[in-house]
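Hi there,

Here is the structure I promised to pass on to you. Have a look at it first, and then read my notes below.

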Amino acid sequence: LQAAHRAVDMLTTFWPTSSRSAEPDLPPLATVATLIHALRLVGRRKAAIGVAQHALRAWPRKATVDSLFIPPEQSDLDRMCTTHPAEWLRLVLAEFVERQRAFSSYFAPIDPLQLRSLLRHPDHSAEMERRYALSELRHDRVPDLALLPKLAAGTGSMNTALWHAVLHTPA
């Protein structure tokens, strides 16, 4: 594990601070993604979330990904990428923050507009569909089924019968 901590320390050297602001400048996006992954691996969850949140706030207008990277979560390695890599990476980082910022989405305030914007990306995860649907139902709102293609098709959960009943029960 010491080697992993040394690797994280090495990666953080790519996180320079600007003399003009209190926020660090944004290094190349591939470096940011790999740093977040490494921070997670060594148990520095809050630091990983902070780096991801900063990257999303400082996201370049014409973002590019020029080199290989490791996405924040192991499960993202198997995720389809049907868009420009920078768009995909932004989605993955936003979903990472949404998943990791609280241990339960039931107790954490959820921004439905933020979730809706994530669900408009073609490569969004089924987990974001579930979070959105549960949040809407919890607040006595009907979820927009057009935003839930994975759940509606039965591919977004191992509980397909439950989700079918939830999504197709009249309000």
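Let's start with Asp140, which sits in the loop between H6 and helix H7 (149-153). Please keep in mind that this is a predicted model. Asp140 is not a glycine, and yet its phi is positive, at about 55°. Is Asp140 buried or exposed? Its relative accessibility is 73%, and exposed means over 50%, so Asp140 counts as exposed.

Next, step back into helix H6, which covers residues 126-138 and holds Arg131. Arg131 counts as buried because its relative accessibility is 10%, and the cut-off for buried is under 20%. Which residues does Arg131 touch, once its neighbours within four places in sequence are left aside? They are Glu98, Arg99, Ser105, Ile110 and Leu115. For Glu98 there is a further detail: its backbone oxygen lies 3.3 Å from a polar atom of the Arg131 side chain.

Finally, the aromatic rings. How many aromatic pairs does a search of the whole structure find? The search turns up one. Its partners are Phe69 and Trp88, with 6.2 Å from centre to centre and 45° between the planes, and the pair is tilted. The two residues are 19 apart, and their pair links distant parts of the chain: Phe69 belongs to the loop between helix H3 (45-57) and helix H4 (85-100), while Trp88 belongs to helix H4. Trp88 has a relative accessibility of 6%, so Trp88 counts as buried.

Best wishes

Conventions: Residues are numbered from 1 along each chain as its sequence is written. This is a predicted model: local features need pLDDT of at least 70, side-chain atom pairs count only at pLDDT 80 or more; totals for chains, interfaces and linings use all residues. Side-chain values use heavy atoms; hydrogens and water are left out. Helices (H or I, at least four residues) and strands (E, at least two) are DSSP runs, numbered from the N terminus. Buried means under 20% relative accessible area, exposed over 50%, partly exposed in between (1.4 Å probe, protein chains only). A polar contact is a pair of N or O atoms within 3.5 Å; within protein, one must be able to donate a hydrogen and the other to accept it, and residues adjacent in sequence count only if both atoms are side-chain atoms. Contact means heavy atoms within 4.5 Å. Rings of Phe, Tyr and Trp (its six-membered ring) pair if their centres lie within 6.5 Å; planes under 30 degrees apart count as stacked, over 60 as edge-to-face and the rest as tilted.
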